[in-house]
Amino acid sequence: GMTLTQIYSSYVDAKDELQQVREENASLNSYLEQIEQELTEKAPALQKLRRDYDLCLQNYEQVSQDFKNKFDECEELRLEASDAVTQHRALERENKRMKQLTSDLSQQIKVLLRECEEARGGVASTSMSYDQSHDTTDSSCDVDNVTSSSQVISQHLVTFRSIEELQEQNKRLLGVVRELSEERE
């Protein structure tokens, strides 16, 4: 083997190396204690940050869900509005058709009434000419001489002087009936 000098030399080297490892170990322990102390000091702040982060995640999820719900609601309202516009247009077309139909039927009724009157041997009046016996300024229609509502109805709503007047009376009467029905409901 080894000589005594070599053994001593190895011993000194090992001792120096052990000293160096001990110093390095002490330095590392000191550094770890410093880190541990910093973590201990910062632990409440780190815990608060973690709680804030978790709360932010929850808020984000809630806001995301609210946004999705509002977006879906907006889509539904957009579809409803589109349907309402389509329905409105359809109703406008139907209204226009009904007005035209009313006008056409009115003309047909006028022609039929004229033909009926002429078939009876009378002369059908198509103008708003009034003769003296039916004039509303006649003293028999004067408000002072009216004795009952029945008489007013007979004088103003039952009789007519021309086809146009009959049609106008019918329009007025239908309007009154609809008004009374709406008030009753």
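How many nonpolar, polar and charged residues does the lining of the largest pocket have? Point 4 takes this up.

1. The model is predicted: local features need pLDDT of at least 70, side-chain atom pairs count only at pLDDT 80 or more, and totals for chains, interfaces and linings use all residues. Residues are numbered from 1 along each chain as its sequence is written, and side-chain values use heavy atoms, with hydrogens and water left out.

2. The protein chain has three helices and zero strands, in the order α-α-α along the sequence. Helices (H or I, at least four residues) and strands (E, at least two) are DSSP runs, numbered from the N terminus. Of the 185 residues, 6% are buried (under 20% relative accessible area, 1.4 Å probe, protein chains only).

3. H1 covers 4–119. At 1.5 Å a residue, its 116 residues should span 172 Å, and the end C-alpha atoms are 160 Å apart, which agrees; the expected span is 1.5 Å times one less than the number of residues. H1 bends by about 50 degrees at Lys 42, with Pro 44 following within four residues; the bend is the angle between axes fitted to the seven residues ending there and the seven starting there. Just after H1, Gly 121 has a positive phi of about 100 degrees.

4. The lining of the largest pocket has six nonpolar, four polar and three charged residues (nonpolar: Ala, Val, Leu, Ile, Met, Phe, Trp, Tyr, Cys and Pro; charged: Asp, Glu, Lys and Arg; polar: the others, Gly among them). H3 gives the largest share, seven residues. Thr 102, Ile 109, Gln 167, Asn 170 and Lys 171 lie nearest the pocket's centre.

5. H3 (163–184) also supplies buried residues: Ile 163, Glu 164, Glu 165, Leu 166, Gln 167 and Gln 169. The 22 residues of H3 should span 32 Å at 1.5 Å a residue, and its end C-alpha atoms are 32 Å apart, which agrees.

Terms used:
On a 1 Å grid over the protein atoms alone, a cavity is a set of points where a 1.4 Å probe fits but cannot get out, and a pocket is an open set with protein on both sides within 12 Å along at least five of seven lines; lining residues have an atom within 4 Å of a point. Buried means under 20% relative accessible area, exposed over 50%, partly exposed in between (1.4 Å probe, protein chains only).
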